[in-house]
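Please read them alongside the model.

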Amino acid sequence: MQNKLGNPKETIEIIQKYQFVFQKKFGQNFLIDPHVLDKIITAAGIGPEDCVLEIGPGIGTMTQYLAEHARQVIAVEIDANLIPILGETLKDYSNVTVINDDILKVDINRLVDEHNGGKPIKVVANLPYYITTPIIMGLFESGVPIDNITVMVQKEVADRMQVGPGSKDYGALSLAVQYYASPYIVANVPPNCFIPRPNVGSAVIRLTRYKEPPVRVTDPALMFRLIRASFNQRRKTLQNGLNNSPELTYTKEDIAEAIAGLGLPASVRGEALTLEQFAALANYFTEHF
C-alpha cells in the first residue's frame, strides 16, 4: 500500500480540501519528510506484534507509517477539526483506533489493557513545546507499561533530556527523564521538514524505559522534591536552594549535615550533582531525619 501523505503536495491538498486552519494553541506542525518518518519508525523498533500509542496524529501522516508496521495503533488527537480528515486518510487501515481527547485526561492504562492485554506499548509523538514535559512525565509517573517513547520535540528540549551535570541545559527534566529511561537523540530535524515551518529546530529522541531505575532511592518523591528545589534557584548553592524550598521542611543544619555527609563542599550547586548523588542525598535525609 502506498503512503498517501508524508510529502508537501499531498499534505497541502488535504489541508485545502478540508479548509483546515492551524491552531496555534495546539502547536500544530505537520511533518512532510518521508526520511524522518522512516527514521522514527526504525528508532522506535516497531514490528508486527507491537501496539503503538500515537499522541497528536494531526492529519495522519505518521499514523499511516505506523499502521503499516504495527499490529495496532491508538491515535489520540485533541483537535476535533482533524477527526474528519483522519477518517479519510486512515480509512484503508483497519488496525487504527482514533480517539478525540486530551492525552493528559485519557486513562492510558485502560487503553493498554484493552488493546494490548496490559503488555508494554510503544509511544510515538510529535509534541509541541508547551506540553512536552507534562506528557512525558505523565507517561512515566502513571506507571503505564511502556517499552519506549520516540518523540519529535524542540531541539533544545531533546538536548536537555540527555545532558549530564555541568551543562546549562542540565536540569530537573534531565534528571527525571534519566531516572526512568535511557535517552538517545535519533536525528536533528530542520524547520523546512514541517508545514507550517516552526521558528526553531526539532529533534527526534528515543527514551527507552528502564525495567529498574539506574539508582536505588528509598523515596523517589523526596528525591524529585530535592531536585526541583535545587534547580528552582540555579544560581544559589544547593544548601540555600534546599533551605528556601516550600516543599522541604528540613532545618538549615539538617541540610548542611546531609551535604557534608555526602562528602560535598558547602558551596556546591545543585547543577553539579549527578542522579546518583541526588539519590544518595534523598537516602541520607530518609535515614537520618
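1. Helix α11 spans residues 252-261, and its buried residues are D254, I255, A258 and I259. Buried denotes under 20% relative accessible area, exposed over 50%, and partly exposed the range in between, with a 1.4 Å probe and protein chains only. Helices here are DSSP runs of H or I of at least four residues, numbered from the N terminus.

2. Viewed down the axis of α11, the buried residues fall within an arc of 130°, so they line one face of the helix. The arc is taken over the directions from the helix axis to the C-beta atoms. An α-helix has 3.6 residues a turn, so residues three or four places apart point the same way.

3. E253 and A260 are exposed on the other side of α11. The cover over the buried residues of α11 includes α10 (238-243) and α12 (275-288), where contact means heavy atoms within 4.5 Å. Just after α11, G263 adopts a positive phi of about 80°.

4. On provenance, this is a predicted model in which local features need pLDDT of at least 70 and side-chain atom pairs count only at pLDDT 80 or more, while totals for chains, interfaces and linings use all residues. Residues are numbered from 1 along each chain as its sequence is written, and side-chain values use heavy atoms, with hydrogens and water left out.

5. The structure contains 10 salt bridges, a salt bridge being a side-chain nitrogen of Lys or Arg within 4 Å of a carboxyl oxygen of Asp or Glu. One of them joins K9 and E13 at 3.1 Å, N to O. K9 and E13 are four residues apart in helix α1 (residues 8-17) and therefore separated by about one helical turn. K9 is exposed, at 54% relative accessible area, whereas E13 is partly exposed, at 40%. A network of salt bridges links K9, E10 and E13.

6. Which parts does the salt bridge between K17 and E88 (2.8 Å, N to O) connect? K17 belongs to helix α1 and E88 to helix α4 (residues 83-89), so the pair ties together parts that are 71 residues apart in sequence. K17 is exposed, with a relative accessible area of 55%, and E88 is partly exposed, at 22%.

7. A further salt bridge pairs E114 with R110 at 2.5 Å, N to O. Both residues lie in helix α5 (residues 108-116), four residues apart, and are thus separated by about one helical turn. R110 is partly exposed, with 43% relative accessibility.

Methods
Helices (H or I, at least four residues) and strands (E, at least two) are DSSP runs, numbered from the N terminus.
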